[in-house]
Amino acid sequence: MFERFTKDARDVVKGAYAYVEGSGEGGRCVEPEHLLLALLDREGSRGSFALVALGLDERRESVRKALGEARRRAGLTQAETDALAGLGIDVEEIVARVEEAHGVGALAGDRKGKGRWSGRVSFGRGAKEVLERSLRVALAQRDRHIGDEHLLLALTLRPGVPAEVLADHGVTYESLVRVLYGSGGEAKAG
């Protein structure tokens, strides 16, 4: 599958690896959030064009902050947090108590030097799903290669924090398809 990746898509994957390697986290897996962070760093690609066209350029820091807040909540989406609140469970209170006892970022896995693996970084299940879905998205659009725009589209289709954060910032699968392919479905951006 990686032979179908464009240089931009490969750069996103490399950027996601760099986020994991440079984070000092306990975990050593690339997750969908890392792919989104790497996409936010891109310039001059179809994916970055689409994000700018949808007004995300000025709100990148807001996206990063929302991803960090979700990470602090152990990766729970806001919808999951709200559902738990409906059951009388205050996630913010739990996070505060855990951080009081174990330090800031305890639920996020931000414990330097406590990783299970000393080996190389791998893909987590969620990131693998995004990569596989990006292939299906490219095929559905009749594109011969997988670009960073396909990774972005795949992130919006997979339930979880990245899709929720993007939607909260006005970036959905439908809005991306409109920007990238227009109403006729033909490649438009980039």
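## Salt bridges

Arg42 and Asp11 form a salt bridge, with 3.7 Å between the closest N and O atoms. Arg42 lies in the loop between helix 2 (32-41) and helix 3, and Asp11 lies in helix 1 (residues 7-23), so the pair ties together parts that are 31 residues apart in sequence. Both Arg42 and Asp11 are buried. A salt bridge here is a side-chain nitrogen of Lys or Arg within 4 Å of a carboxyl oxygen of Asp or Glu. Buried means under 20% relative accessible area, exposed means over 50%, and partly exposed is in between (1.4 Å probe, protein chains only). Helices (H or I, at least four residues) and strands (E, at least two) are DSSP runs, numbered from the N terminus. The model is predicted: local features need pLDDT of at least 70, side-chain atom pairs count only at pLDDT 80 or more, and totals for chains, interfaces and linings use all residues. Residues are numbered from 1 along each chain as its sequence is written, and side-chain values use heavy atoms, with hydrogens and water left out.

Arg42 and Asp11 also belong to a network of salt bridges that links them with Lys7 and Asp8. The whole structure holds eleven salt bridges. One of them joins Lys65 to Glu69, with the closest N and O atoms 3.9 Å apart. These two residues are four apart in helix 4 (residues 60-72), which means about one helical turn separates them. Lys65 is exposed, at 55% relative accessible area. Glu69 is partly exposed, at 40%. Another salt bridge pairs Arg158 with Glu129, and here the closest N and O atoms are 2.8 Å apart. Arg158 lies in the loop between helix 8 and helix 9 (161-168), and Glu129 in helix 7, so parts 29 residues apart in sequence are tied together. Glu129 is partly exposed, at 32% relative accessibility.

## Aromatic rings

How many aromatic pairs are there? The count comes to one. Tyr17 and Phe123 form this edge-to-face pair, 5.5 Å centre to centre with 75° between the planes. Rings of Phe, Tyr and Trp (its six-membered ring) pair if their centres lie within 6.5 Å; planes under 30 degrees apart count as stacked, over 60 as edge-to-face and the rest as tilted. Tyr17 is in helix 1 and Phe123 in strand 2 (residues 122-123), 106 residues apart. Tyr17 is partly exposed, at 22% relative accessibility. Phe123 is buried, at 16%.

## Helix 10

Helix 10 (residues 173-181) has buried residues at Ser175, Leu176, Val177, Val179, Leu180 and Tyr181. Their cover includes helix 3 (46-53) and helix 8 (148-157). The charged end of Arg46 sits over the ring of Tyr181, 5.4 Å from its centre. That term requires NZ of Lys or CZ of Arg within 6 Å of the ring centre and within 35 degrees of the ring normal.

## Loops and backbone

Just after helix 10, Gly182 takes a positive phi of about 70°. Arg142 is not a glycine, yet its phi is also positive, at about 60°. Arg142 lies in the loop between helix 7 (125-140) and helix 8. Arg142 is exposed, at 76% relative accessibility.

Leu76 is in the loop between helix 4 and helix 5 (78-86). Leu76 is partly exposed, at 25% relative accessibility. Not counting residues up to four places away in sequence, Leu76 touches Ala70, Thr81, Leu84, Val91 and Val161. Contact means heavy atoms within 4.5 Å.
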